[in-house]
Amino acid sequence: MSQISAGARMRAAMQAEKPLQLPGAINAYSAMQAERAGFKALYVSGAGIANASYGLPDLGMTSLDNVCEDIRRISGATELPLLVDADTGWGAVFNIQRTIKEFIRAGAGACHIEDQVQAKRCGHRPGKAVVAKEDFADRIKAAVDGRTDPDFVIVARTDALAVEGIDSALERALLAEQAGADVIFAEACTSIDDYRRFIDSLSIPVLANLTEFGKTPYFTVSELADVGVAMIIYPLSAFRAMARAAEGIYAAIRQDGTQKAVVDSMQTRMELYEVLGYHDYEQKLDQLFGKG
């Protein structure tokens, strides 16, 4: 694995690709697939971990240890740096600092901390509530102070736009910047002008979340690049496609009593082996034990 820290690799990716596209990876194998597709960094979604790894809704029900386990698995399978969803940080100041330390130890290159209350909700659902702006700033200060890798990227996510309006969200973003955030995550923007206002008001990069079926339209890379958005995440795009495909396969096997009709829609054994580098492992076995 690279001797360059994950944080340094994330910062390098942010410089190399503008805006930096970060597709969601729900496990190590999907991370390898995204890397083969040419992406330079990955996003590990809190919803993805809750949904795919634990069968739970995205309501803050997973623990720090749960998330770190998935970080370790994914970072162990790819050199691409990971931006990881840290929700509200799992507690107050010292808990947030521990979160940052554990994320770095597990192999993350960046994380985002949000301003929702502890009993959080999906950022594109109704009923969200945010903490006082001063408390949000304190969360970011704690995260910055908790870094053991100075290159680890702290992303401050504000959910205030959908709750209190854009003026409040901009005020919170400015406070987060003053608290030491490296990037602002403006959640649930509904127009290009929303992003433009954040970018014009700040001196640090702005991240856009293009999750499907939410409040934000499906803007293109070029549309967001034109206003200066620096990072774009696609949290669950591949996972949604996997889930729909799996439903079809399960239904066909159950209804038809055979998988014959759906084999052509599956990844082949050899395609799987290619992603995994399976034959390299076999060759290594042959070298070690004198076969072949």
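The largest cavity in this predicted model has a volume of about 30 Å³. By cavity I mean a set of points, on a 1 Å grid over the protein atoms alone, where a 1.4 Å probe fits but cannot get out. The volume is the space filled by probe spheres set on those points, with grid points joined across faces, edges and corners. The structure holds 1 cavity of 30 Å³ or more. Its lining residues, those with an atom within 4 Å of a point, are Gly46, Ala50, Pro57, Asp58, Leu59, Gly60, Met61, Thr62 and Asp87. By class, this lining has 4 nonpolar, 3 polar and 2 charged residues. Here Ala, Val, Leu, Ile, Met, Phe, Trp, Tyr, Cys and Pro count as nonpolar, Asp, Glu, Lys and Arg as charged, and the others, Gly among them, as polar.

A word on conventions. Residues are numbered from 1 along each chain as its sequence is written. As the model is predicted, local features need pLDDT of at least 70 and side-chain atom pairs count only at pLDDT 80 or more, while totals for chains, interfaces and linings use all residues; side-chain values use heavy atoms, with hydrogens and water left out.

I turn to the second largest pocket, a pocket being an open set with protein on both sides within 12 Å along at least five of seven lines. About 290 Å³ of space lies in this pocket. Of its 15 lining residues, Gly24, Ser30, Gln33, Ala238 and Met242 are the closest to its centre. Two or more lining residues come from each of α2 (28-36) and α11 (237-256); helices (H or I, at least four residues) and strands (E, at least two) are DSSP runs, numbered from the N terminus. The lining divides into 9 nonpolar, 6 polar and no charged residues.

Next, the nonpolar cores. A nonpolar core is a set of buried Ala, Val, Leu, Ile, Met, Phe, Trp, Tyr and Cys residues joined through side-chain atoms within 4.5 Å. Buried means under 20% relative accessible area, exposed over 50%, and partly exposed in between, for a 1.4 Å probe and protein chains only. The largest core has 59 residues, of which Phe103, Ile140, Tyr195, Phe198 and Leu224 touch the most other members. Apart from it lies another core, of 17 residues, including Leu83 and Phe185.

Aromatic rings come next. Rings of Phe, Tyr and Trp (its six-membered ring) pair if their centres lie within 6.5 Å; planes under 30 degrees apart count as stacked, over 60 as edge-to-face and the rest as tilted. The count comes to 3 aromatic pairs. Tyr195 and Phe219 have ring centres 6.2 Å apart and planes at 80°, so this pair is edge-to-face. Tyr195 belongs to helix α9 (residues 192-201), and Phe219 to the loop between β7 (206-209) and α10 (221-227), 24 residues apart. Tyr195 is buried at 0% relative accessibility, and Phe219 is buried at 13%. Tyr273 and Tyr278 form a stacked pair, 4.0 Å centre to centre with 10° between the planes.

Finally, the backbone. Most residues other than glycine have a negative phi, and most peptide bonds are trans. The bond from Lys18 to Pro19, however, is cis, with omega near -5°. Ala188 has a positive phi, near 65°, and Phe213 has a positive phi, near 60°. Is each of these two residues buried or exposed? Ala188 is buried, with a relative accessible area of 2%, whereas Phe213 is exposed at 70%.
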